[in-house]
Amino acid sequence: MEDQLLSMEDMSQIPENTLAKICFDRGIDLDKSHREQVEDLRLWLSISNLRNVPHSLLLITRVQDFSRDVIENDED
């Protein structure tokens, strides 16, 4: 339900600290730029709302992305 409401919001008007909380709750990387966070959030919302994907599956994909980043950093 929250994702449906968020998809109607103007992302550029969301305060920085609120955006950070929204992204954190969805496993979106907070080290990215504001623009990249908004892009990732829009992608999350489009998948969550339009395809009726359970949040647990979305979170698993975020964990896999995080794991891949850690492995790439270890190799460097």
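Reader: What makes the pairing of Lys32 and Asp40 a salt bridge?

Author: In this predicted model, the side chains of Lys32 and Asp40 meet at 2.6 Å, N to O. A salt bridge requires a side-chain nitrogen of Lys or Arg within 4 Å of a carboxyl oxygen of Asp or Glu, so the pair qualifies.

Reader: Why is Asp40 called buried?

Author: Asp40, which lies in helix H3 (residues 34-50), has a relative accessible area of 17%. Buried means under 20%, so Asp40 is buried.

Reader: Why does Lys32 count as partly exposed?

Author: Lys32 has 30% relative accessibility.

Reader: What makes Arg26 and Asp3 a salt bridge, and where do the two residues lie?

Author: Their side chains meet at 2.7 Å, N to O, and the cut-off is 4 Å, so the pair is a salt bridge. Arg26 is in the loop between H2 and H3 and Asp3 is in helix H1, 23 residues apart, so that the pair links distant parts of the chain.

Reader: How do you know whether Arg26 and Asp3 are buried or exposed?

Author: The relative accessible area is 5% for Arg26 and 2% for Asp3. Buried means under 20%, so Arg26 and Asp3 are buried.

Reader: Why does Arg35 count as exposed?

Author: Arg35 has 52% relative accessibility, and exposed means over 50%, so Arg35 counts as exposed. The side chain of Arg35 meets that of Glu39 in a salt bridge (2.6 Å, N to O).

Methods. Residues numbered from 1 in each chain as written. Predicted model: local features only at pLDDT ≥ 70, side-chain atom pairs only at ≥ 80, totals over all residues. Heavy atoms only, no water. Helix = DSSP H or I, 4+ residues; strand = E, 2+ residues; numbered from the N terminus. Buried < 20%, exposed > 50% of the residue type's maximum accessible area, 1.4 Å probe, protein only.
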